[in-house]
Amino acid sequence: MEETYLLNVEGVKKKILHGGQGELPKLQDGSKITFHFQTLKDDFERTVIDDSREAGIPMEIIVGKMFKLEIWETLLSSMRTGEVAEFWCDTIHTGLYALVSRGMRRIAEGQDPLEGQKHRCGMGNMFDYHSTGYDDLDELQRTPQPLIFIMELFRVEEPSAYKRDTWAMSKEEKLAAVPVLHSEGNRLVLRKEFGQAAAKYQEAVICLRNLQAKEKPWEDGWLKLENLVTPLVLNYCQCQLELGEYYEVLEHTTELVQKHNDNAKAYFKRAKAHAAVWNEREAREDFLRVAHLDPSMAAAVKKELKQLGERMRKKHVEDRKRYQGLFQPPRGP
């Protein structure tokens with residue numbers, strides 16, 4: 001099919017490879033677009049840079065949520081469901097592709113897409129020529145160039161038609177979601193479904209941490225959010241204790257007491273985790289700290305210390321027997 005300029009957008013050409021069905025989608029803020037894409041260089045070999053099919057899952061973007069490559073929303077808005085189209089985009093639209101690709105690759109690899117560029121804007125990163133960690137993307141970052149995108153549109157869902165991921169919510173939506181997630185987590189705990197409950201608490205914490213990242217640490221807005229985060233983290237840690245994930249509890253409770261060194265509940269959960277992994281000295285120190293901070297928990301601390309002593313004595317007896325067996329000379333025939 002003959003190439004045409006797309007919607008009179010400068011520096012973009014479109015060629016339909018396979019026709020779609022129905023009307024053009026009516027996109028609005030919050031609509032979710034699901035599609036496969038392939039990115040190629042505009043060279044003789046049409047060198048492939050990225051291919052979402054290799055990752056095994058299609059790409060998803062939310063309209064109006066500041067996706068760094070804004071031209072993609074424009075390209076997809078010109079497509080019908082089931083359509084496959086090829087777009088040539090000039091350098092004015094592709095300058096940030098290296099950063100976008102880096103993030104998508106890191107997500108596919110199970111890594112943090114923001115590692116190494118947190119608290120920095122996209123424009124600042126665009127002029128930072130430190131390595132992205134990928135040679136081909138480093139080249140694109142040094143010498144931006146036209147790119148070809150081949151896209152296949154699967155579906156467009158209205159905001160009310162799917163469960164919104166927390167990162168795609170507005171500030172008001174996140175704040176409204178937190179008490180709902182907290183309540184769902186509590187309900188699951190009562191049913192002893194600790195893994196699912198932990199996931200609810202974690203999602204609520206992520207909502208609040210995203211909002212907190214936009215506030216100045218230790219100022220009023222940040223502190224209000226921190227007061228909401230702390231009980232959720234403690235609930236999450238209690239679930240992890242029930243699931244036997246003791247080292248994760250140690251990590252999160254240590255982070256809590258570093259910020260709030262008067263939080264008796266955080267010390268108590270950390271003490272139980274220390275006790276579970278045989279860190280006797282650390283467990284005793286944390287339990288005694290709990291009794292000092294909150295005398296109302298003294299009875300619970302006394303009970304835990306008694307249990308810890310009994311467990312450690314049994315362990316010492318078992319260890320002695322084990323080592324005696326190792327060093328005894330072998331018996332004769």
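This is a predicted model: local features need pLDDT of at least 70, side-chain atom pairs count only at pLDDT 80 or more; totals for chains, interfaces and linings use all residues.
**Aromatic rings**

The whole structure holds 7 aromatic pairs. Two of them are set out below.

| Pair | Centre to centre | Angle between planes | Class |
|---|---|---|---|
| Phe 37 and Trp 72 | 4.9 Å | 55° | tilted |
| Trp 218 and Trp 222 | 4.6 Å | 45° | tilted |

Phe 37 sits in strand S3 (residues 32–41) and Trp 72 in helix H2, so the pair links distant parts of the chain, 35 residues apart. Phe 37 is buried, at 4% relative accessibility. Trp 72 is buried too, at 0%. Both residues belong to one aromatic cluster, formed by Phe 35, Phe 37, Trp 72, Tyr 97 and Phe 149.

In the other pair, Trp 218 is partly exposed at 48% relative accessibility, whereas Trp 222 is buried at 8%.

**Helices H9 and H11**

The axes of H9 (residues 220–242) and H11 (residues 264–276) come within 11 Å and cross at roughly 15°. That angle is under 35 degrees, so the two helices are roughly parallel. Their crossing is left-handed. H9 contributes Leu 234, Cys 237, Gln 238 and Leu 241 to the contact; H11 contributes Lys 265, Ala 266, Lys 269, Lys 272 and Ala 273. By class, the contact has 5 nonpolar, 1 polar and 3 charged residues.

**Gly 82**

Gly 82 lies in the loop between helix H2 (71–77) and strand S6 (84–89). Its relative accessible area is 30%, so Gly 82 counts as partly exposed. Beyond its sequence neighbours up to four places away, Gly 82 touches His 18, Gly 19, Gly 20 and Leu 153. Its C-alpha atom is separated by 9.3 Å from that of Gly 22, 60 residues apart along the chain.

How values were computed:
Residues are numbered from 1 along each chain as its sequence is written. Side-chain values use heavy atoms; hydrogens and water are left out. Axes are lines fitted to C-alpha atoms, for helices over the stretch in contact, and angles run from 0 to 180 degrees between N-to-C directions. Helices (H or I, at least four residues) and strands (E, at least two) are DSSP runs, numbered from the N terminus. Angles under 35 degrees count as roughly parallel, over 145 as roughly antiparallel, 65 to 115 as roughly perpendicular and the rest as oblique. A crossing is left-handed if the near helix is turned anticlockwise from the far one by less than a right angle, and right-handed if clockwise. Contact means heavy atoms within 4.5 Å. Ala, Val, Leu, Ile, Met, Phe, Trp, Tyr, Cys and Pro count as nonpolar, Asp, Glu, Lys and Arg as charged, and the others, Gly among them, as polar. Buried means under 20% relative accessible area, exposed over 50%, partly exposed in between (1.4 Å probe, protein chains only). Rings of Phe, Tyr and Trp (its six-membered ring) pair if their centres lie within 6.5 Å; planes under 30 degrees apart count as stacked, over 60 as edge-to-face and the rest as tilted.
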